[in-house]
Amino acid sequence: MASYREGDFPAAEKAHTPTVKLPVWHREQDLKLAGQYVRAASKASEHHKELL
């Protein structure tokens, strides 16, 4: 198993750091939670100036 240290891949780290990572939903019962994520992201987007 390879071991990587911070700084080994600066371009990938630059792209990864500000990225929002979400779980992957694949079951019918996950739809409610997925909807909650969508509503939260929409709310944060709509009010981003207030959050800064």
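This text walks through a predicted model, from the overall fold down to single contacts. Residues are numbered from 1 along each chain as its sequence is written. Local features need pLDDT of at least 70 and side-chain atom pairs pLDDT 80 or more, while totals for chains, interfaces and linings use all residues; side-chain values rest on heavy atoms, without hydrogens and water.

Start with the fold. The protein chain has 3 helices and 0 strands. Both kinds of element are DSSP runs, numbered from the N terminus: helices are H or I with at least four residues, strands E with at least two. The order from the N terminus is α-α-α. The radius of gyration is 16 Å, well over the 10 Å that the globule rule gives for 52 residues, so the protein chain is more spread out than a compact globule. That radius is taken over C-alpha atoms, and the rule is 2.2 Å times the number of residues to the power 0.38. Along the principal axes, the C-alpha atoms fill a box of roughly 40 × 35 × 10 Å.

Next, the surface. The accessible surface of the protein chain is about 5,300 Å², and 60% of this belongs to carbon and sulfur atoms. Areas come from the Shrake-Rupley method with a 1.4 Å probe; for residues, only the protein chains shown count as cover. Buried residues make up 6% of the 52. Buried means under 20% relative accessible area, exposed over 50%, and partly exposed in between (1.4 Å probe, protein chains only).

Val 20, Leu 22, Leu 33 and Tyr 37 make a nonpolar surface patch of about 390 Å². Patch residues have over 30% relative accessible area and no salt bridge; nonpolar side chains (Val, Leu, Ile, Met, Phe, Trp, Tyr) are joined within 5 Å, like charges within 9 Å. Val 20 sits in the loop between α1 (10-16) and α2 (31-46). Val 20 is exposed, at 69%.

Now the contacts. The structure holds 1 salt bridge, that is, a side-chain nitrogen of Lys or Arg within 4 Å of a carboxyl oxygen of Asp or Glu. Asp 30 and Arg 27 form it, with the closest N and O atoms 2.9 Å apart. Asp 30 is buried at 10% relative accessibility. Arg 27 is partly exposed at 45%.

There are 2 aromatic pairs. In one of them, the rings of Tyr 4 and Phe 9 have centres 5.3 Å apart and planes at 70°, so the pair is edge-to-face. Rings of Phe, Tyr and Trp (its six-membered ring) pair if their centres lie within 6.5 Å; planes under 30 degrees apart are stacked, over 60 edge-to-face, the rest tilted. Tyr 4 is exposed at 58%, and Phe 9 is partly exposed at 46%.
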